[in-house]
Amino acid sequence: MTTFKIVIILTVLVCLSGIAGARLPQVGDTRVEIHTIGPLCIIEYYGTITDIDDTMIGLNCTNSQYRMNSGSYGNEVYGPYNVTIGKGSIISIEWHGE
């Protein structure tokens, strides 16, 4: 019974350590990389967050590219240009250099 308790405690500690590293996006965050999922590819956007509401994130993109499910990369599009991304399609957000 004590081994079971130790395993449960260690599992909870591992889960909590991952949550502690979480960060929420904020307007003005720079050098952000947002990955969204589509039916055939993952689109990677790079830029500065300009707006956030309940359902969308606005991004001033410096560049973007898509990655096919097979692993190959598509053409890179250079900006700057503004894009609005639905929060439901975001699979990850990374911050670089902050």
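Predicted model: local features only at pLDDT ≥ 70, side-chain atom pairs only at ≥ 80, totals over all residues.
**The salt bridge**

The structure contains one salt bridge. It is formed by the side chains of Arg 67 and Glu 44, with an N to O distance of 3.4 Å. Arg 67 belongs to strand β3 (residues 56-68) and Glu 44 to strand β2 (residues 41-52), so the pair ties together parts that lie 23 residues apart in sequence. Side chains of opposite charge can pair when their charged atoms come close.

Apart from neighbours within four places in sequence, Glu 44 is in contact with Ile 34, His 35, Asn 63, Ser 64, Gln 65, Arg 67 and Tyr 73. One of these contacts, Arg 67, is the salt-bridge partner of Glu 44.

**The cysteines**

The count of disulfides is zero. Cys 41 is buried, with a relative accessible area of 16%, and Cys 61 is buried as well, with a value of 0%. Both values fall under the 20% cut-off for a buried residue. Cys 61 is also a member of the largest nonpolar core.

| Residue | Relative accessible area | Class |
|---|---|---|
| Cys 41 | 16% | buried |
| Cys 61 | 0% | buried |

**The nonpolar core**

The largest nonpolar core has ten residues: Val 32, Ile 34, Tyr 45, Ile 49, Ile 57, Leu 59, Cys 61, Val 83, Ile 85 and Ile 90. Strands β1 (32-37), β2, β3 and β4 (73-86) each supply at least two residues of this core. Strand β3 gives the most, with three residues. In soluble globular proteins, nonpolar side chains tend to be buried together.

Which residues does Ile 57 touch, not counting those up to four places away in sequence? The list is Pro 25, Ile 34, Ile 49, Asp 51, Ile 52, Val 83, Thr 84, Ile 85, Lys 87, Ile 90 and Ile 93. Among them, Ile 34, Ile 49, Val 83, Ile 85 and Ile 90 are also members of the largest nonpolar core.

How values were computed:
Residues numbered from 1 in each chain as written. Heavy atoms only, no water. Salt bridge = Lys/Arg side-chain N within 4 Å of Asp/Glu carboxyl O. Helix = DSSP H or I, 4+ residues; strand = E, 2+ residues; numbered from the N terminus. Disulfide = S-S within 2.5 Å. Buried < 20%, exposed > 50% of the residue type's maximum accessible area, 1.4 Å probe, protein only. Contact = heavy atoms within 4.5 Å. Core = buried A, V, L, I, M, F, W, Y, C linked by side-chain atoms within 4.5 Å.
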